[in-house]
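Hello,

Here is the structure for your files. Please open it alongside this note; what I found follows below.

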Amino acid sequence: RDPASAVGAIRRIGDQLGVHPEALRGWVKKAEVDAGEAAGVSSEERRELRELRRRCRELESTIEILKAATSFFARECDPLHR
């Protein structure tokens with residue numbers, strides 16, 4: 001937990017594993033967030049947010065298609081249009 005010793009430990013372990021220290025630091029931070037030990041968005045929440053955003057884009061696209069279809073059929077059914 002001591003930031004001064006954590007930097008050295010991450011550097012040493014990264015060298016031992018052949019992993020860049022910043023990559024290892026990111027993994028450690030992500031693991032702490034996922035375990036609820038640090039503030040942030042967990043991997044599960046991030047995945048869920050990505051999925052919800054994808055579904056939102058899909059629904060917005062569907063709404064635009066339905067609006068265009070409604071407009072088209074409203075004109076076709078209008079007796080004054082013909």
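Phe 72 is partly exposed, at 40% relative accessible area. Here, with a 1.4 Å probe and protein chains only, buried means under 20%, exposed over 50%, and partly exposed in between. This is a predicted model, where local features need pLDDT of at least 70 and side-chain atom pairs count only at pLDDT 80 or more, while totals for chains, interfaces and linings use all residues. Residues are numbered from 1 along each chain as its sequence is written, and side-chain values use heavy atoms, with hydrogens and water left out.

The count of aromatic pairs is 1. Phe 72 and Phe 73 make that pair, edge-to-face, with 5.1 Å between centres and 75 degrees between the planes. The rule takes rings of Phe, Tyr and Trp (its six-membered ring) with centres within 6.5 Å; planes under 30 degrees apart are stacked, over 60 edge-to-face, the rest tilted.

Next, the charged side chains. The whole structure holds 5 salt bridges. Each needs a side-chain nitrogen of Lys or Arg within 4 Å of a carboxyl oxygen of Asp or Glu.

One of them joins Glu 22 and Arg 25, at 3.0 Å from N to O. These two are 3 residues apart in helix α2, so about one helical turn separates them. Helices are DSSP runs (H or I, at least four residues), as are strands (E, at least two), numbered from the N terminus. Glu 22 is partly exposed at 46%. Arg 25 is too, at 39%.

Helix α3 covers residues 43-77, and in it Arg 47 and Glu 44 sit 3 residues apart, about one helical turn. Their side chains form a salt bridge of 2.7 Å, N to O. Arg 47 is partly exposed at 41%, and Glu 44 is partly exposed at 47%.

Arg 54 pairs with Glu 51 in a salt bridge, with 2.6 Å between the closest N and O atoms. Glu 51, Arg 54 and Glu 58 are linked in a salt-bridge network.

Last, His 20. Where does His 20 lie? His 20 is in the loop between α1 (3-17) and α2 (21-34). Is His 20 buried or exposed? His 20 is exposed, with 54% relative accessible area. A polar atom of the His 20 side chain lies 3.1 Å from the backbone nitrogen of Glu 22. His 20 and Ile 10 are 10 residues apart in sequence, and their C-alpha atoms are 9.3 Å apart in space.

Best wishes

Notes
A polar contact is a pair of N or O atoms within 3.5 Å; within protein, one must be able to donate a hydrogen and the other to accept it, and residues adjacent in sequence count only if both atoms are side-chain atoms.
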